[in-house]
Amino acid sequence: MSMVFLERPCPVCGLLAKGICSVCFSGFRAPTEVALLEYVDKYMPMFDYNGNFRKAILAGKQAGRVDVIKQLAKLFGHFLLANLDLKGTEVTWVPASKFAKRRRGFDQGKVIASSVVKGSDMRMARYLVRESHVSQTGKGRFHRLLGPKFRVIGEPPKTLLIVDDVVTTGASINAAANVFRKAGCTKIYAASLAYVQPR
Ligand SMILES: [Zn+2]
């Protein structure tokens with residue numbers, strides 16, 4: 001059996017690399033302001049959803065580049081371990097709508113959660129179910145503020161980290177944190193690959 005190393009173009013500039021190239025990576029910026037989420041103790045986004053980062057994420061989501069999402073998620077794991085005290089914290093994710101999952105072929109939140117726990121002693125579990133399967137994509141900021149409805153399944157721990165790919169208003173992740181509070185969680189962290197700063 002021969003080994004095949006797949007070189008896949010950088011989703012930002014098109015250069016043949018293993019995913020996002022180092023030049024494009026160095027252009028990603030941290031957000032300068034962060035949303036305050038009522039039910040979340042601390043929210044940590046890694047990057048501002050700017051032009052280049054947006055291209056990378058869209059490639060991951062729309063062109064089925066799970067390798068790009070995995071590459072970003074690996075870095076995200078290091079970022080979170082360096083910035084949050086995650087001892088005893090379990091990782092869960094905001095599940096994608098059925099529609100989004102079918103279109104992409106994978107649930108990006110789950111891929112992100114797996115990469116975050118990989119190589120750490122944290123465990124991950126699914127604790128959320130979407131009550132409505134209406135996609136958030138293409139809705140205006142006002143409608144996004146309403147957020148989807150979630151239901152908690154299983155027995156979530158007291159301390160939880162909720163991960164997501166891109167947070168716009170924070171309505172989804174805040175709605176998720178709210179149902180976890182009601183289910184008895186006392187410390188809730190939230191984190192995303194990127195945050196869309198209001199402009
Ligand atoms: Zn590039």
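Helix α3 passes helix α5 in a right-handed crossing. In this predicted model, the axes of the two helices come within 8 Å and cross at roughly 45°.

**The contact of α3 with α5**

- On the α3 side, the contact is made by Val 66, Ile 69, Lys 70, Ala 73, Lys 74, Phe 76, Gly 77 and Leu 80.
- On the α5 side, the contributing residues are Gln 108, Val 111, Ile 112, Ser 115 and Val 116.
- Classified by residue type, the contact of α3 with α5 holds eight nonpolar, three polar and two charged residues.

**Burial of α5**

- Helix α5 spans residues 108-117 and is mostly covered, with seven of its 10 residues buried.
- The buried residues of α5 are Gln 108, Gly 109, Val 111, Ile 112, Ala 113, Ser 115 and Val 116.
- Among these buried positions, Gln 108, Val 111, Ile 112, Ser 115 and Val 116 also take part in the contact with α3.
- The cover over the buried residues of α5 includes the helices α2 (51-62), α3 (66-83) and α4 (98-104).
- Strands contribute to this cover as well, including β4 (90-93), β7 (159-167) and β8 (187-195).
- Just after α5, Gly 119 adopts a positive phi of about 80°.

**The sheet**

- Four strands form an open sheet in the order β3-β8-β7-β4, and their pairing is parallel.
- The edge strands are β3 (42-48) and β4, each of which pairs on one side only.
- From one strand to the next, the twist averages 20°.
- Strands β4 and β7 pair in the parallel sense over four bridges.
- Trp 93 has Val 163 of β7 as its bridge partner.

**Helices on the sheet**

- Helix α2 packs on the sheet and touches β3, β7 and β8.
- The direction of α2 makes about 100° with that of β8.
- Helix α3 lies across β3 and β8, and runs at about 135° to β3.

How values were computed
Residues are numbered from 1 along each chain as its sequence is written. This is a predicted model: local features need pLDDT of at least 70, side-chain atom pairs count only at pLDDT 80 or more; totals for chains, interfaces and linings use all residues. A residue is buried if 20 or more other C-beta atoms lie within 10 Å of its own, exposed if 12 or fewer, and partly exposed in between; C-beta atoms are placed from the backbone. Two residues are in contact if their C-beta atoms, placed from the backbone, lie within 7 Å. Two strands pair if DSSP finds at least two bridges between them. Axes are lines fitted to C-alpha atoms, for helices over the stretch in contact, and angles run from 0 to 180 degrees between N-to-C directions. A crossing is left-handed if the near helix is turned anticlockwise from the far one by less than a right angle, and right-handed if clockwise. Ala, Val, Leu, Ile, Met, Phe, Trp, Tyr, Cys and Pro count as nonpolar, Asp, Glu, Lys and Arg as charged, and the others, Gly among them, as polar.
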